[in-house]
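Welcome! Please take a moment to look over the sequence and the model before reading on.

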Amino acid sequence: MGKENRKALFILIICLGIFPFFIRSDYYLSIMIFVGINAIIVMGLSLLMGYAGQISLGHAAFFGIGAYCSGVLTVKLGFSIFTAFFCGIFLSIVMAMTIAIPTLKLKGHYLAVATLGFGEIIYVIFNELLEITGGPSGLSGIPSIHFFGYAFKGGWRYFYLVWTVAILLLIFSLNIIHSRIGRALRAVHGSEVAAQAMGVNVSQLKIQVFVLSAIYASVAGTLYAHFVTFISPSTFSLFVSILLLMMVVIGGGGSIWGALLGAGILTILPESLRAFRDFDILVYGVILMTILLFMPEGIFKGLILSVIWMRKKW
Amino acid sequence: MKKSWIAFLTMVLCIVLISPGWAAYNIGFVASITGPASWLGEPEKNTALMLQEWINSAGGIRGVPIEIVIEDSKGMEADAVLTTKKLIERDNVLVVIGSSTTGESMAMVPICEQAGTPMISMAAALSIVTPEDEMKRMEASKTPWLEVPKKPRYWIFKVAPSDASSVEKIYIYCQAKKIKRVAIITVSAGYGVEGRRQLKRLAPKYGIEIVADELYGPKDTDMTAQLTKIKASPAQAVINWSVGPTQVIVTKNWNDLGMRGKIPLIQSHGFGSKGNIKLAGEAAEGVITPLGRVLYAEKVDPKNPQKPVVMKYKTEYEKRFKSDVSTFGGHAYDAIMMVADALKAVGPDKKGIRDYLETKIRNWPGTGGMYNMSPTDHTGFGADGFEMIEVVHGEWEFAK
Amino acid sequence: MSLFSEILQFVFTGLTIGSIYSMVGLGFNIIYNATTIINLAQGEFVMFGGLIMVFLTVVLKFPLFIGFPLTVMVVTAIGALFERFAIHPLRNASLLTLIIVTIAASILFRGIAMFIWGKDPYTLPPFTPGGPVMIGGAVIMLQTFWVLGTTLAIVVLTTLFFGKTIVGKAMSACSFNPMAASLMGIHVRKMILISFALSAGLGAIAGIVITPISLMDYDRGPMLAVKGFCAAVLGGLGVGYGAVLGGFIVGILESLTAGLVHSGFKDAVALMILLFILCFKPSGIFGSEEVSKIKKF
């Protein structure tokens, strides 16, 4: 995995581990839970975009599929949470393959448009299937997760649950990146033609990464549904897909750590801007533009560059 | 020089961060001030600001000022959840009022229930105050249109009339006008979906047949396609259920298609704002809608106990905010004033406030109607909160 | 009302909204041609066009023939400033970053609009007063004729611009190969600036003509951007008249779906048509295979 990554991982685990001991407020823990959930989706997206170089404009749909599968199956059909969770993943895999296989054979913007279309269609389905999803009024009463009688009802328990999953996926992602597959992905990003010439099965690899990123999003969806206990289609709209995209780019598209950073910043920023009341959209827009103008490679690279620059000066 | 600046700023920062709220009664207030439901949240927020001033300039409650901590849920459940948690934990509020929409309120319910904090929602749906199993029992009954909930959620109340009441008022009017076949056209967003559900559920109770059932999206800019189908149907009236600009667009399209006089247009109670009449222009003439008394306060019968309440609210709101009053702001008024009464009686005691709301709000005149809360009813009032109003020469008049 | 009249009604509605999608799509194409950027703030130019016109004619009471060009000029300036301050400094950044910048700009524009105009919708009086006209049993508003006429005029003018004027031809040259164009003495930077300004102006015109029919509020932009993008890709990204055809196809099919099938699916229709066509002709109806392979996006 690399020494640097191992060190960073260790520090992250320690920080997250002791966080609930210092911050007992349910409010702050809830914010961090949302950061964790977003981080999971964004890690998957980052593998797709940063390493395989593909754009998805509809990832909120996979997030939603995970959430609604969990929600509907547990509320309406009384499935156990585990079963519902795996159903969500299964459905996401199927949907992801349905989109990816025809479009990833082509080059260019087709995946982007296909995912845009997919996202919208899924959103409409969530809205229209009133009997199943509750339509725009949403689905409520989703049960909290419990293992053998121990309930994860929110607060620090859910915090540990979400971040355990997030860290496990982080380790998994880092392992992929530093494996043969990761190198193949970067080759594809650099030049598909060259990678193909070197014997990489480009199409298959792209499909696999896309499906993997869909699975990440679906996992996050399940975690979201059982946390908020209420879901509605507006949480899974195009706007959210674009927000996820921004998290990847602003954090730093080329790295998993950047993804984590992006998820953290873009989840916490709107909360901290609450004090601005009506101006918060304006301030939000200004901050985003400023970040992009000064650190076009994303904050992660921007920070690294600043650190290098500072080291040079002193 | 620089160091002392830093010290000064740090001190200021510390004071700001650490300073305890001066002793005040903290009331939490969550509304969709920005986002897709801002038509609801904006007047609600304004009302909260206005009432806080009224109450505090009159010396507060029992000599203690109130602080209404206003948070914006942006119309999203995740934000509603976070703001509610923040209000309960960091601001130590005694009561949470909010949010403006059903979806957000539903997300807030478990949090308030867990924290043992009374919650008064400004949203319409019955499911906010009614637990799941009770809703299922009502839906499973052989005559769902006759069912009423009997066991509300312990900590949760609501002040906005449910869509069922508004629909009933409309259907009673239709019965009186011998209208048996209606077309409905609704927006496929929360408000419209609820309205549509109630329209369909209650139609059999009044012997009404729905001959056309059209939908449109909240951001749509043209509904002539749907209205054309309705024009071609045997409908005797068309009922529109939406909020925001789509109400105006439907009115204009209805007018342009020449449906006035042949198929009268009945709007939901969401139409209640002079701004809508201005935007629709002449197209709004003859449109009928059930409205809460606060909108036509001057015309309300002086013998009606709501009259002084709605007159004062309307005149003061319009004077201060230079914009038309709305029933949504009225929900905020009712919620806050109920809490004020509770605080006056029992002081800063969450359970005491809850009990007061449930038992002492009887024949209580609010902007929405005459409230009668009870252990079996946390909604307070029904169709009597509305009157059927017709737009005549750009003004609200009682429909004949 | 006969089925024929009903369908005709849906077609009229579709033409109206389709014109707007066409103009937004044209705007996308112009910027894409010069820079390969997909400007997702395109919808906001439409929004500004409508709202600024409202300000000039309703608040300041300027007459139509002064308000119209003034509004277009203001929004064109906004587009130019946007390019200067947000796009140009990032010219070496990745394409994805630039697209994200347009998204951030769209958020910023919406924040500004909400600050100035609030969340309420606004309307404009129709350009010519008078009730709707009956054609074949279907109703068509007078303003619709203005919308269609304006779109036609725009299409003709842009075709002439890109085909016949030096500046237009220079811009087309940039789209094929900026390096070669610059070697030929074309000031690429200026072309990019003009492309943004021009797109902004087009968006503004669309906003002005549609507001009397469907009102305008601060949040109208994103939906228009998505549909306009579909129109542009459908017709072949980069091909001017393709966007126009794409816009009308999307508009009419949307309206027919809402009328004849189920109104809930309206918003997804644009994207479904797009996916369908892309399956058969990936570069869009008028797009050319070779060109789309060369372009980065």
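## About the model

This is a predicted model, in which local features need pLDDT of at least 70, side-chain atom pairs count only at pLDDT 80 or more, and totals for chains, interfaces and linings use all residues. Residues are numbered from 1 along each chain as its sequence is written, chains are lettered from A in the order in which they are written, and side-chain values use heavy atoms, without hydrogens and water.

## Nonpolar cores

The largest nonpolar core has 227 residues. Such a core is a set of buried Ala, Val, Leu, Ile, Met, Phe, Trp, Tyr and Cys residues joined through side-chain atoms within 4.5 Å, where buried means under 20% relative accessible area with a 1.4 Å probe, protein chains only. Among the residues touching the most other members are A:F62, A:F210 and C:F48. Helix α2 of chain A (residues 26-51) gives the most to this core, with 18 residues; helices are DSSP runs of H or I, at least four residues long.

Apart from this core lies another, of 78 residues, including B:L94 and C:L215.

## Where chain C meets chain A

The contact (heavy atoms within 4.5 Å) takes 37 residues from chain C and 34 residues from chain A. About 3200 Å² is buried between them, 85% of it from carbon and sulfur atoms; this is the accessible area (1.4 Å probe) lost on being put together, summed over both.

On the side of chain C that touches chain A, α4(C) gives the largest share, 13 residues.

Note on methods. Buried < 20%, exposed > 50% of the residue type's maximum accessible area, 1.4 Å probe, protein only. Helix = DSSP H or I, 4+ residues; strand = E, 2+ residues; numbered from the N terminus. Buried area = accessible area lost by both parts, 1.4 Å probe.
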